[in-house]
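Biologist: I have a new structure to look at, and I would like to learn how to read it. Could you take me through some features?

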Amino acid sequence: MKVVLPALAELAAPRLGLAAFHNRLVLRATFVLLMLATLALAIVLLHEEKQRSYQNYQSSFSKTQAEIMAKLRHPSGQLALLNPSVSNFSTPLHPLMLPYGSLDFDDQYKAQQAVEMSGCSVVYPNGSLICVAIGNNPYAGGFIYLVGSFPSTELVSRKPGLLQLDAVHRARVNLQMRGKQWLWIAPFEAQNAPEAASQQGRLTGFVETGELLRSDAKPVRDFRGWLWQSPHCAGAVSDTPNCPRLAYFSIRLPVEPLRDALFQGHRPVWPPADLENIRLSMQMLAPQNSQPLFDSNAQNALPPFSLNDLQTILQPGETLSVRKLGQTTQALLTIKGKQAIETSSPWLTRLIHRLPIQDVPEKLELYDIITTAAGRYEMRLTGQLRSLDRGLSIAATRTSWFVAAMLAAIVLAWLVIEFSFVRRVAVLTKRAATVSHTMQDGQFEQQFKQLDFADLRGRDELGILAGSLADLLQRVKNDIQREHIRTQQEREMWHAVGHEIMSPLQSLMVLHGSSDDASHRYVQRMQQAVRVLYGSASPSEALEAVTLHIDTLDINQFLQNVADNAHFAGVLNVQFQADSLPNTQVRADEFSLEDVITHILRNADRHRIPGTVIHINLSVIDNTAHIGIHNQGQSISPALLDKLFEYGISDTEAFNSSERRGQGLFVARTYMAKMGGTIRVENQNDGVSFVLTLQCVV
């Protein structure tokens with residue numbers, strides 16, 4: 001918005017006192033206080049939230065410790081304590097040490113219950129699962145147990161004496177330990193009646209020699225395995241023929257190095273130090289199928305519960321240390337709570353750190369001991385309250401946009417009021433003071449013209465006030481201008497009269513051109529008197545005030561008379577071409593129309609090629625008479641074409657400027673407009689044509 005006019009800036013304005021700025025200062029101070037109050041409210045809320053979060057964390061810290069201890073006292077938690085490296089899950093699998101001395105692998109339900117309680121199973125996407133484990137008692141035989149299940153169609157049993165194993169269901173087991181490898185293949189041998197609803201039988205282990213057993217092959221003595229198949233379809237509401245059904249297996253593998261360690265004369269180290277390096281894989285194969293029904297090395301398997309899974313319970317800044325008592329002071333495992341991924345504002349974090357908190361310690365710490373079959377474990381849970389500051393900073397960073405939006409809204413409202421109201425009030429006050437100051441100046445009239453309030457107009461209260469002042473100021477300016485115009489009106493009128501008299505005087509000079517004619521001298525005196533009046537002012541207002549006497553006119557006869565008498569006006573070789581329709585009547589003022597055509601003829605005479613004819617033609621189109629006046633000569637400049645009928649436009653190069661004032665065509669346009677007609681000029685190929693139009697009388 002334009003608030004200061006360039007001309008106004010040059011005017012001398014009075015020096016305003018402090019009272020003139022009082023309301024503006026109060027308004028600006030109000031917005032500043034609003035912004036400060038918004039920031040203070042945000043900081044107070046942030047401080048209260050920090051105090052509340054610290055207090056809530058103190059009460060939830062003990063609950064976190066109780067939840068962790070409850071998980072670790074469960075058999076699955078004890079399994080995680082006994083096998084701290086289970087988090088490094090990979091295939092082939094390595095055995096886990098169970099919180100039990102051994103497994104009753106001959107009983108399906110006892111084996112399944114022990115595995116489910118311990119949580120040692122590895123779960124696969126197709127619903128299969130397997131637990132590879134050893135007991136926590138070395139004197140239970142030094143075996144590795146494989147317990148699990150897989151979906152399968154009806155099991156195909158091996159008949160006694162059958163050597164081709166690819167025609168039956170079979171298990172293939174691969175064990176790698178201390179640089180050696182053991183391979184077993186165990187075909188399924190049913191032990192129940194064929195008509196029984198469910199199937200069960202042994203998995204008889206042989207040393208792996210391929211799909212064809214040797215005729216003298218004997219079962220491995222200590223290899224024991226069982227296979228049970230449920231009578232119900234897996235995952236189905238009702239049973240259908242040939243649907244997949246869960247098959248449960250339980251296998252005990254004899255491991256010679258583990259058994260040999262029991263008879264070395266000293267207490268064996270249990271679990272074995274290289275338990276993590278033992279690698280075992282198992283496959284269940286169907287008849288005539290190259291793809292196994294179950295493969296322990298399959299991808300996307302879900303590992304059993306591990307100590308690292310406790311990280312989801314820990315909050316940011318909390319640390320859980322696990323140490324086995326009686327062995328070393330070094331922590332067996334240290335788990336830290338995950339830090340929030342979201343970013344926080346550094347300056348908000350520093351601000352939160354500086355907010356004071358009462359009656360809250362800097363660090364929390366809890367201890368507890370868990371007793372397992374393999375020993376006692378110390379659990380130490382520590383929490384840093386300062387770590388809450390970052391989480392609070394993340395939340396504050398998200399909500400800081402709302403505070404920023406509130407501040408932006410206040411600033412925007414301030415700017416809107418500042419530029420749409422306050423600045424206008426300041427400008428209006430300054431200009432009003434300038435008006436008052438200018439009224440006392442001696443150069444009042446000269447400086448008063450530069451004052452203006454129009455740019456402050458508007459539909460609001462301030463705009464209406466500025467508009468009223470602008471209207472009042474404009475009326476004063478108009479009164480001053482009219483006073484100047486009034487003093488020039490008489491000269492304008494005399495000049496208009498003198499201009500109109502000049503045309504007939506030119507004709508009289510031709511009629512009385514002889515020097516011995518008595519009228520010649522008086523005509524010259526009249527011309528001289530008119531020239532005096534003519535040079536005094538512009539005829540624009542006088543011509544605007546002229547009233548014409550419009551009547552019906554025979555345009556054919558009129559134009560013929562004008563052409564015949566054109567030589568009396570000093571224009572020779574004028575020819576008129578009549579319209580094909582005689583007695584064409586138009587409404588016009590005869591004398592004014594003759595003046596119009598005479599002005600055009602004189603203009604054409606000045607610019608035509610010497611000796612050429614000026615043509616006047618008449619045509620009637622759509623009840624409109626078109627009068628064309630054409631001369632051969634130089635065309636009119638395009639820049640001058642649109643200005644030719646304006647007052648003061650003339651060919652000053654060809655004629656003396658004191659004699660040609662550019663009024664003839666201006667008079668012609670004015671008279672044509674008063675008669676309801678038009679006039680225009682066009683450049684032709686060989687010259688220029690003026691076209692006048694008048695309405696015909698029907």
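Modeller: Gladly. Let us begin with burial: a residue counts as buried when its relative accessible area is under 20%, and as exposed when that is over 50%. Keep in mind that this is a predicted model.

Biologist: Thanks. Is Q65 buried or exposed, and why?

Modeller: Q65 has a relative accessibility of 14%, so it counts as buried. This residue is found in helix α2, which covers residues 22-73.

Biologist: Which residues does Q65 touch, leaving out those up to four places away in sequence?

Modeller: Q65 touches L366, Y367, D368 and L381.

Biologist: Now helices. How should I think about them?

Modeller: An α-helix has 3.6 residues a turn, so residues three or four places apart point the same way. For a case here, take helix α14, residues 590-607.

Biologist: Which residues of α14 are buried?

Modeller: The buried ones are S592, L593, D595, V596, I597, T598, H599, I600, L601, R602, N603 and A604.

Biologist: What is found at the start of α14?

Modeller: There, the backbone nitrogen of S592 has a side-chain oxygen of D589 within 3.1 Å. S592 is also among the buried residues of this helix.

Biologist: And how do I read empty space?

Modeller: Rolling a probe the size of a water molecule over the atoms shows where empty space is left. In this model, the second largest pocket has a volume of about 550 Å³. It is lined by 25 residues, and L82, M97, W270, P271 and K324 are the closest to its centre. The lining is made up of 17 nonpolar, five polar and three charged residues.

Biologist: How many cavities of 30 Å³ or more does the whole structure have?

Modeller: The search finds four. The largest cavity has a volume of about 110 Å³. Of its 13 lining residues, F89, L93, H94, L96 and V122 lie nearest the centre. Strand β3, residues 129-134, gives the largest share of that lining, with three residues. By class, the lining holds ten nonpolar, three polar and no charged residues.

Biologist: What lines the second largest cavity?

Modeller: Its volume is about 40 Å³, and the lining consists of G101, I134, G135, N137, A140, G142, F143, Y145 and W270. Five of these are nonpolar, four are polar and none is charged.

Technical notes: Residues numbered from 1 in each chain as written. Predicted model: local features only at pLDDT ≥ 70, side-chain atom pairs only at ≥ 80, totals over all residues. Heavy atoms only, no water. Helix = DSSP H or I, 4+ residues; strand = E, 2+ residues; numbered from the N terminus. Buried < 20%, exposed > 50% of the residue type's maximum accessible area, 1.4 Å probe, protein only. Contact = heavy atoms within 4.5 Å. Expected span 1.5 Å × (residues − 1). Polar contact = N/O pair within 3.5 Å; in protein donor to acceptor, adjacent residues only side chain to side chain. 1 Å grid on protein atoms, 1.4 Å probe; cavity = no way out; pocket = protein on both sides within 12 Å on 5 of 7 lines; lining within 4 Å. Points joined across faces, edges and corners; volume = space filled by probe spheres on them. Nonpolar A, V, L, I, M, F, W, Y, C, P; charged D, E, K, R; others polar.
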